[in-house]
Amino acid sequence: MPITTMRTRTALAAATLAMMGAAAATPAAYASPSAVTAHARGGTAPACIERNVYNHQEGGMDAYLRNFCGKTMRVKVIVDYWWDSGCHTMKNHTGWLYSTPGGRYRKTVVC
């Protein structure tokens with residue numbers, strides 16, 4: 001994106017905030033609506049998704065998830081330094097094992 005376009009957008013954002021009477025802008029104010037929606041959808045999975053995680057000392061991890069939410073849930077395992085799992089559909093009272101030869105478990109999110 002050309003620098004003049006970035007400057008124009010920054011100036012427009014500042015003018016909009018000033019017109020709205022905002023004293024200070026938070027980082028969320030600069031996020032696009034689609035980014036905010038995507039973040040909300042990808043929030044941490046609820047406690048009814050039971051997680052049993054083992055990070056191997058030599059690298060890699062095993063994450064065994066079980067769904068006790070009373071309904072079908074779609075979850076994704078986030079792994080540091082490795083590929084995340086795809087979005088996996090789990091029916092109520094079912095389990096799923098996600099293993100990697102590298103990386104470290106970070107969290108489980110809904111998708």
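Modeller: A disulfide here is a pair of cysteine sulfur atoms within 2.5 Å. The model is predicted. By that rule, the count comes to two disulfides. Count the bonded cysteines along the chain, and the pattern reads 1-2, 3-4.

Start with Cys 87 and Cys 111. Their sulfur atoms lie 1.8 Å apart, so the pair meets the 2.5 Å cut-off and forms a disulfide. The angle about the S-S bond is 95 degrees, and the link of Cys 87 and Cys 111 is right-handed. This pair links distant parts of the chain. Cys 87 sits in the loop between strand 3 and strand 4 (88–90). Cys 111 sits in the segment after strand 6 (104–110).

Cys 87 has 32%, so Cys 87 is partly exposed. Cys 111 has 36% relative accessibility, so Cys 111 also counts as partly exposed.

Now the other link. Cys 48 and Cys 69 form a disulfide, with their sulfur atoms 1.9 Å apart. The angle about the S-S bond is 85 degrees, and the link of Cys 48 and Cys 69 is right-handed. Distant parts of the chain are linked by this pair too. Cys 48 is in the loop between helix 3 (33–41) and strand 1 (49–55). Cys 69 is in the loop between strand 2 (61–67) and strand 3 (73–80). The separation is 21 residues. Cys 48 has a relative accessible area of 25%, so Cys 48 is partly exposed.

Strand 1 and strand 2 pair with each other in the antiparallel sense, over seven bridges. Within that pairing, Tyr 54 stands opposite Asp 62 in strand 2.

Which sheet do these strands belong to? An open sheet of three strands has the order 1-2-5, and its pairing is antiparallel. Strand 1 and strand 5 (95–100) are the edge strands, each pairing on one side only. From one strand to the next, the twist averages 10 degrees.

Terms used: Residues numbered from 1 in each chain as written. Predicted model: local features only at pLDDT ≥ 70, side-chain atom pairs only at ≥ 80, totals over all residues. Heavy atoms only, no water. Helix = DSSP H or I, 4+ residues; strand = E, 2+ residues; numbered from the N terminus. Buried < 20%, exposed > 50% of the residue type's maximum accessible area, 1.4 Å probe, protein only. Pairing = 2+ DSSP bridges. Axes fitted to C-alpha atoms, helices over the stretch in contact; angles between N-to-C directions.
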